[in-house]
Every structure is written in structure tokens, then in C-alpha cells.
Amino acid sequence: MSDREPDVLVVGGGVAGCSVALELLERGADVTVLEPGAEGPSTRAAAGMLTARYECSDDGALLRLGMRSRALHPRFLRRVERLSGTDLGLRADGMLVANPDAAAEEESREMVRWQARVLGTSDSGPEPRMLSPDEAASRHAWASRQVESYLWLPGEAQVDAQSLADALPAAVRAAGGDVRDEAAAGLRVRDGRVAGVETRAGRPLGAGVVVLAAGAWSGRLEGLPRPVPVRPVRGQILRLDPEDEPPTPLLADHRGRYAVPRSDGTVVAGSTMEEVGFDTAVTEEGRSAIRRAVGRLAPRLRDAPAVDGWAGLRPIAGDGRPILGPDPEVDGLHYATGYGRNGVLLAPAAASGVADRISGGGDGGGVDLEPFRPDRF
Ligand SMILES: Cc1cc2nc3c(=O)[nH]c(=O)nc-3n(C[C@H](O)[C@H](O)[C@H](O)COP(=O)(O)OP(=O)(O)OC[C@H]3O[C@@H](n4cnc5c(N)ncnc54)[C@H](O)[C@@H]3O)c2cc1C
């Protein structure tokens, strides 16, 4: 481990921190990521859906960020694959959202109308549309027929988030960055400028730029100039192993439950939203709730054996939006946190915007960071 002072210290080595690190390395910066391996990181737990439209019905800034990021994903993931030598399983097979009754169908229609108004004439890919249960069956033979209809979201995609979590630090190293097994305890500030961080082992690490990307743990750093209201929200996942190869589209309901078919023939089924602090336990209650919901979506998954299960802590900000960009008072402090329920999706666009503000170049990948300002709370 070298003790040279990097240009940038990134606190947190999940998808938020590593994607910013990769953007900065591409621009020639010297970057060190601190990643102590906390229990229950979100990136490793994620289902990996790259769904910009699903469940997005009232926040235009998030919809635009998600759509932009979904478009950036193929390039971002190809780069991580090339650097790490890992196949990340990117698949863009679309998503079916079950409308159990007429009221749910109307809700879906209203969401699509609202998204069309927000996105206007921008190029937003293939358009969503409503399918009858019979039409849906031709895309997903396992999807339940006991519903009113399905909303078909053709542009939605997925990545293997567990492979991504391993590949990201490897990619940072391969791109010339350093990833250290150390935790930041506090921010060091001198005369209104960032001077680095103090590690939990009591060691000062110097850098002129610090990026706070510690997920659900972000608000715990000492010496921050403002509250960072990011809280952990636990999500549980089950991996099911059905006898037959599952159909390829993502399948979901209106309550955040879903079945994600992986290329190895298993199905990642989730999830829960639990306010239990930093508790990362997998519970019987969580498992049964997921099983019931997924069994309703695809009856053939009802008895599929569960071969694995895990939980992670989503970093959710007070208003559900990520916190991105420079601190207005402390020079050199930048935020890339609060990525919430869709952080894998949002990472490439968020990283591009944050890295542009740090390096003072580029157009932020066409990303407007204003709605995500750290001083909005
Ligand atoms: C069950 C579940 C399903 C999900 N499904 C999806 C999905 O389908 N699609 C999607 O887009 N998103 C999904 N998400 C959300 C997504 O996982 C998160 O938004 C995203 O991973 C957040 O990334 P992060 O890097 O901010 O957080 P994390 O991945 O949690 O990374 C933060 C890192 O900071 C480190 N850290 C903590 N303290 C310190 C410290 N003091 N110093 C240095 N480092 C520290 C931790 O060890 C951790 O690795 C899901 C989340 C869960 C839990």
C-alpha cells in the first residue's frame, strides 16, 4: 500500500463510489477508494434491475436521471467488464407489470401519460403499452392469467448486481486506482477546504477532494458540514431455482415485488422495504412475503426451491432523491449518496455529473444536478 496523497479520496466502494472513481480515473485523476466491507452493503444485495420507468410516477427529475442512466449503462458496464474480466449479464428483455384490477390498470395508464409529459419529445426508446393476459403470455409463459392486464415496459433491463459488486473494485484497480480496506471516521477540513479524512484506525489520509459515497452509512462520518439525512432501509431477496429455464422478461407487481430471471436459470425474487436500522437479518416473515407475492405473479414459481437468500441496506434520503454534487461551503467535498431503491440504475449518470463537477470539464453527461443539491434539506 502506497502512502502517496491521491487527488481524490472516495469514501465507499459500492456502485456509487466506484462509478465516480472510474469516471475520474478516465479523466486522468489519481483516485483512492476506501472500502472496509461493512455488513449489508446495498450494491451486493440488489436485484440489478435497470428500470427507469417502473414505479416512477411523480418525480420528473428522477425519471430524467433514470432514463439518462439507463442509456449510459451499456457503455459503463462494457468498460467494467473489460477492466475486470467479468461477465456482468446485461440483458434488456423488458418488463411486465401486472395490473390486478381495473383501478391498477388506470394507475399504470396515468403513469405512462405523466412520463410522456415529462419526457416530451426527448428520445426515450420504445414506448410502453398495455397488454392483455393472453398477449403477455406470449412474452412470459409463466405470468399469471388471473389479472386485468399487464403494462409492457420494453426498454427495461437488468445486470447481475452480485457480479457487479465484485467487478467494480477490480475495475478501479485495473484502471490505475487504489482500493484500500479502511474505514473513514471523519472528514478533515482546513480553512474551509477539505484536507482529507481520518481513518477509523486514527490515521490521517490527505487529499484535496473527498467524495462521500458510503451508502446507508454516509451520515455517520464525523465533521460533515451539514446533516446527510440518508437512512438504511432493509431489503431482502430470495434466489429461487425452478426446474425449467424461466422466461426472460422481468415480472413485477405494483408493490415493489418482482421476479428477475438470471442467465444461469435461477430467479432473483424480491423484495421488502423495512425500517429496521442497520439490522441485516434475513427473516422468515420477509421470505414468506416475497414467496407469496412472486407466487401470485408467476404460479410456477410458487414451489421453486429457494437456494439462497440475503439482505442489504438501501441508502434512502429524506425526499427519496440522491444527494449529488459539491458542498456549497466546504471546497473539495462532494456527495454521491442516497441512491435509494434504484442506485444501480442511477450510478452511471450520477457519476458522470459528479465527476464533471470535480474535474470542471465535460457537460455532466447531460445530467442536471440541481434537483439533487446536498444543501436542499
Ligand atoms: C434488496 C435490494 C434490491 C435492490 N434492487 C435494486 C435494483 O433492482 N435496481 C437498482 O438500481 N437498485 C437496486 N437496489 C438499490 C441499490 O442497491 C442501491 O441504491 C445502490 O447499490 C447504492 O449504492 P452505494 O454505493 O451508495 O451503497 P453500498 O453498495 O451500500 O456501498 C456503500 C459502501 O460504503 C462502505 N462504507 C460504509 N462505511 C464506510 C466508511 N466509514 N468508510 C468507507 N466506506 C464505508 C460500505 O462498506 C459499502 O460497501 C436494491 C437494494 C436492495 C437492498
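How many residues does helix α4 have, and how far does α4 reach from its first C-alpha to its last? Helix α4 covers residues 102–119, has 18 residues and reaches 26 Å between those two atoms, close to the 26 Å expected at 1.5 Å a residue, where the expected span is 1.5 Å times one less than the number of residues. Helices (H or I, at least four residues) and strands (E, at least two) are DSSP runs, numbered from the N terminus.

This is a predicted model, in which local features need pLDDT of at least 70 and side-chain atom pairs count only at pLDDT 80 or more, while totals for chains, interfaces and linings use all residues. Residues are numbered from 1 along each chain as its sequence is written.

**Helix α4 and its surroundings**

In α4, Ser108, Met111 and Gln115 are buried; a residue is buried if 20 or more other C-beta atoms, placed from the backbone, lie within 10 Å of its own, exposed if 12 or fewer, and partly exposed in between. Seen down the axis of α4, the buried residues fall within an arc of 60 degrees, so they line one face of the helix; the arc is that of the directions from the helix axis to the C-beta atoms. The face turned away from this buried side carries exposed residues, among them Glu106, Glu110, Arg113 and Arg117. After α4 comes Gly120, with a positive phi near 55 degrees.

**Strand β4**

Strand β4 is mostly covered, with 5 of its 5 residues buried: Met95, Val97 and Asn99 lie on one side, and Leu96 and Ala98 on the other. The pairings of β4 are listed below; two strands pair if DSSP finds at least two bridges between them.

| Partner of β4 | Sense | Bridges |
|---|---|---|
| β6 | antiparallel | 5 bridges |
| β14 (residues 250–252) | parallel | 3 bridges |

Within these pairings, Asn99 has Ser149 of β6 as its bridge partner, and Leu96 stands opposite Leu251 in β14.

**Backbone exceptions**

Most residues other than glycine have a negative phi, and most peptide bonds are trans. Glu55, in the loop between β3 (49–50) and α3, has a positive phi near 60 degrees, and Glu55 counts as partly exposed because it has 14 C-beta neighbours inside 10 Å. Asp191 has a positive phi of about 50 degrees and is placed in the loop between β9 (184–190) and β10 (193–199); with 6 C-beta neighbours inside 10 Å, Asp191 counts as exposed. The peptide bond from Gly270 to Ser271 is cis, with omega near -15 degrees.
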